[in-house]
Amino acid sequence: MRHLRDHTILLIVGTLSCQSARATATSDASAQNVPKPTTPPTTPNPSRPSPHLHLKRHAQQAIRHKDYQNAADHLKQLLDLLDTTHDDAQLMQESRLALTRCFAKLNRWEECRDLSTTVITQNPQCTTGWFRRALALERLDQPEGALWDLRRAAKLAPASAQIAVAIERVERLA
């Protein structure tokens with residue numbers, strides 16, 4: 001795990017160093033009226049996956065093996081990396097939802113609720129975000145909030161039997 005974190009940090013630091021070196025070379029070249037050096041376009045190395053893909057694969061593998069703590073650790077690293085690089089919004093949402101699943105499996109309901117709220121804030125049409133937050137609220141003994149979220153999820157996915165069953169269960173608690 002430490003090796004993976006160090007690798008990610010090295011990649012980020014290396015990228016930043018390359019960018020600052022290019023910026024310095026560019027400003028020096030323009031100051032001397034020397035033509036700017038052109039850098040060839042970089043092509044991804046297919047034999048070496050990006051850090052994003054690497055972390056995602058490890059998280060998926062841990063989830064398949066029901067190692068939710070390890071999956072959560074990988075997903076947190078992936079989200080940290082995505083936050084610093086401002087990358088793919090879809091991958092960020094998928095990663096957050098996977099992390100809410102891990103939190104639910106680990107009975108970490110406050111974290112599940114908080115992260116589900118983040119998902120909903122970013123995408124109010126995300127049925128899974130509403131559903132996971134409802135489950136967390138139910139487990140945190142807040143049935144009224146859970147019922148409200150479940151009804152919102154039911155509006156987004158009216159054919160979902162899973163949501164209908166959850167609504168019936170929570171209505172008995174409220």
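Author: Let us begin with Arg151, which is partly exposed at a relative accessible area of 42%. The model is predicted, and accordingly local features need pLDDT of at least 70 and side-chain atom pairs count only at pLDDT 80 or more, while totals for chains, interfaces and linings use all residues. Numbering starts from 1 along each chain as its sequence is written, and side-chain values use heavy atoms, with hydrogens and water left out.

Reader: With which side chain does Arg151 meet in a salt bridge?

Author: In general, a salt bridge places a side-chain nitrogen of Lys or Arg within 4 Å of a carboxyl oxygen of Asp or Glu. Here the partner of Arg151 is Glu171, at 3.3 Å from N to O. Glu171 belongs to helix α8 and Arg151 to helix α7, so this pair ties together parts that are 20 residues apart in sequence. Glu171 is likewise partly exposed, at 40% relative accessibility. The helix labels follow DSSP: runs of H or I of at least four residues are helices, runs of E of at least two are strands, and both are numbered from the N terminus.

Reader: How many salt bridges does a search of the whole structure find?

Author: The search finds six. One of them joins Arg133 to Asp149, whose closest N and O atoms are 2.6 Å apart. Since Arg133 lies in helix α6 (residues 127-139) and Asp149 in helix α7 (residues 143-156), the pair ties together parts that are 16 residues apart in sequence. Another salt bridge brings together Arg169 and Glu138, with 2.7 Å from N to O. Arg169 is in helix α8 (residues 161-173) and Glu138 in helix α6, so parts that are 31 residues apart in sequence are tied together.

Reader: Are Arg133 and Asp149 buried or exposed?

Author: Arg133 is buried, with a relative accessible area of 17%, and Asp149 is buried at 1%. In the other pair, Glu138 is buried at 15%, whereas Arg169 is partly exposed at 30%.

Reader: Which residues does Asp149 touch?

Author: Leaving aside residues up to four places away in sequence, Asp149 touches Trp130, Arg133, Ala134 and Leu137. In α6, the buried residues include Trp130, Arg133, Ala134 and Leu137. The buried residues of α6 are covered by elements that include α4, α5, α7 and α8. After α6 comes Asp141, with a positive phi near 60°.

Reader: How is the length of a helix to be read, and what does α5 reach from its first C-alpha to its last?

Author: The expected span is 1.5 Å times one less than the number of residues. Helix α5 (residues 109-122) has 14 residues and reaches 20 Å, close to the 20 Å expected. The 13 residues of α6 reach 19 Å, close to the expected 18 Å. For α3, 18 residues reach 25 Å, close to the 26 Å expected.

Reader: Which residues of α5 are buried, and where do they fall when seen down the axis?

Author: They are Trp109, Cys112, Leu115, Ser116, Val119 and Ile120. Viewed down the axis of α5, they fall within an arc of 145°, so they line one face of the helix. That arc is taken over the directions from the helix axis to the C-beta atoms. Thr121 and Gln122 are exposed on the other side of α5. The cover over the buried residues includes α4 (89-105) and α6.

Reader: What, finally, makes up the largest nonpolar core?

Author: In soluble globular proteins, nonpolar side chains tend to be buried together. A nonpolar core is a set of buried Ala, Val, Leu, Ile, Met, Phe, Trp, Tyr and Cys residues joined through side-chain atoms within 4.5 Å. The largest one here has 23 residues, of which Ile63, Leu75, Leu82, Leu99, Cys102 and Cys112 touch the most other members. At least two residues of this core come from each of α2 (51-64), α3 (68-85), α4 and α5. The largest share, eight residues, is that of α3. Another core, of 13 residues, lies apart from it and has Trp130, Phe131, Leu150 and Ile167 among its members.

Definitions and conventions:
Buried means under 20% relative accessible area, exposed over 50%, partly exposed in between (1.4 Å probe, protein chains only). Contact means heavy atoms within 4.5 Å.
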